[in-house]
Amino acid sequence: MDPIGAARSPQGMGQEAVSGRHDEACLSRGRMQWALACSAAGMLLTGCFAVGQHSGIGDRGGRPPAQDQAPAPSGNRQPAKAPPGSPSTGAPAPMDVNSVLARSLEPIRTRSGTRVSVAVLEPRNGRRAVYGSHVHVTASLVKVDILAALLLHAQRERRALTRWEASTAASMIQSSDNASASVLWRRIGGGRGLTDANRALGLTSTQAGPGPNWGLTRTTAADQLALLSAVFEDHSPLNGASRDLIQSLMGQIDAEQNWGVSAAGSRWQLKNGWLQRPHSQRWAINSMGRVKAHGSTFYLVILSHGSRSMSHGISAVEQAAQSAVHALCSTPPPVSPIIR
């Protein structure tokens, strides 16, 4: 019933009251009926208004909500929260950068059988991603660590490298000369000297190679990322002159060794390592360094083992390097909560 129509007088009541042809009893009876009708109309109006208020329905006809439909919230009331455990109706949460990186690296192992571990850091904002905690043989990658140990030793003695030390270090890093590495390995005190230096540099999962076998040093991608941070960051046990020397040598690698993490950027400073394991004939191929790409700088470490040839290993390492940079560039950073 239309609420406005409910307030009208019953049909004919106005005529009886105006005509004056009925007696007083009829007039009294008519007045009583009029009063009752007005009262009923008022109650109906009040009821419709009350239903409209409590349902929150904005429909002009005042229709109540269907039984299987929850009432819409009124303008001055917050929507009810979903009960715990109910499915979310919002947009799916974005994947974190570690998940994106892991998904992009899985085809490398599937296609080639190469196992990779990756660590990448964008120093300007501290974003990082790590894939794999496997321990890998360093091969010649350890030569950066040997040089860092040599420089820390010279710093403790408050001196610069001698001309011979500097020349031998350049040969070890730029040309990856093994004889130079063996000489400086003895110079730092072998495995014990490397371990002492790594303690200062923040490497916690690196085990020095036995005896003279510096190439059998074992490490993780996360540890080598810590080493890169010590080489390139101001807050480091290595002083400015020591860092400058390592960076300069890593930026002048012989042309035939320009592979690995350099595939991920246009400008680079790097060191590679490669070794064929005698028992399996499979290759360990490693690369680490700093690259510039997409208007930013990245520290990259790629460690691998199980490649059937050196060329296949290099291809896997370069794919992993590109995937690591892409993962950081394509994944938005987490939204920081607003603190009021």
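The axes of helix H9 (residues 221-232) and helix H10 (residues 240-250) come within 8 Å of each other and cross at roughly 110 degrees. H9 is therefore roughly perpendicular to H10, where angles of 65 to 115 degrees count as roughly perpendicular, those under 35 as roughly parallel, those over 145 as roughly antiparallel and the rest as oblique. The model is predicted, so that local features need pLDDT of at least 70 and side-chain atom pairs count only at pLDDT 80 or more, while totals for chains, interfaces and linings use all residues. Residues are numbered from 1 along each chain as its sequence is written, and side-chain values use heavy atoms, with hydrogens and water left out.

**Overall composition**

- The chain holds 11 helices and 7 strands; helices (H or I, at least four residues) and strands (E, at least two) are DSSP runs numbered from the N terminus.
- Of the 340 residues in the chain, 39% are buried, where buried means under 20% relative accessible area, exposed means over 50%, and partly exposed lies in between (1.4 Å probe, protein chains only).
- Among the contacts in the chain with a separation of 6 or more, 63% involve residues 24 or more positions apart; a contact means heavy atoms within 4.5 Å.

**Helix pairs**

- Axes are lines fitted to C-alpha atoms, for helices over the stretch in contact, and angles run from 0 to 180 degrees between N-to-C directions.
- On the H9 side, Leu228, Ala230, Val231 and Phe232 meet Arg243, Ile246, Gln247 and Met250 in H10.
- The contact of H9 with H10 comprises 6 nonpolar, 1 polar and 1 charged residues; Ala, Val, Leu, Ile, Met, Phe, Trp, Tyr, Cys and Pro count as nonpolar, Asp, Glu, Lys and Arg as charged, and the others, Gly among them, as polar.
- Helix H6 (residues 163-174) and helix H7 (residues 178-187) have axes that come within 8 Å and cross at roughly 130 degrees, and the two are therefore oblique to each other.
- By class, the residues of the contact of H6 with H7 are 6 nonpolar, 3 polar and 2 charged.

**The five-stranded sheet**

- An open sheet is formed by 5 strands in the order E2-E1-E7-E6-E5, with antiparallel pairing; two strands pair if DSSP finds at least two bridges between them.
- Strand E2 (127-131) and E5 stand at the edges with a single partner strand each, so one side of each has no neighbour in the sheet.
- On average, and with direction ignored, neighbouring strands of this sheet are turned by 5 degrees against each other.
- E1 and E2 run antiparallel and are joined by 5 bridges, with Leu121 opposite Arg128 in E2.
- Strand E1 (residues 115-122) pairs with E7 in the antiparallel sense over 7 bridges, and Val120 stands opposite Leu300 in E7.
- Strand E6 (residues 283-293) pairs with E7 in the antiparallel sense over 11 bridges, and Leu300 in E7 is the bridge partner of Gly289.
- Strand E5 (residues 267-276) pairs with E6 in the antiparallel sense over 10 bridges, with Leu275 opposite Ala284 in E6.
- Strand E7 (residues 296-307) is mostly covered, as 10 of its 12 residues are buried.

**Helices on the sheet**

- Helix H4 (residues 97-112) lies across E1 and E2 and runs at about 40 degrees to E2.
- H11 packs on the sheet and touches E1, E2, E5, E6 and E7, its direction making about 145 degrees with that of E7.
- Helix H11 (residues 310-330) includes Ser323, which counts as buried at 17% relative accessibility.
- With neighbours within four places in sequence left aside, Ser323 is in contact with Leu101, Ser104 and Leu105.

**Turns and positive phi angles**

- The hairpin of E5 and E6 has 6 residues between the strands, and Gln281 in the turn has a positive phi of about 65 degrees.
- The hairpin of E6 and E7 has 2 residues between the strands; His294 in this turn has a positive phi of about 55 degrees although it is not a glycine, and it counts as exposed at 65% relative accessibility.
- Ala139 lies in the loop between strand E3 (136-137) and helix H5 (142-156).
- Ala139 has a positive phi of about 55 degrees although it is not a glycine, and at 4% relative accessibility Ala139 counts as buried.
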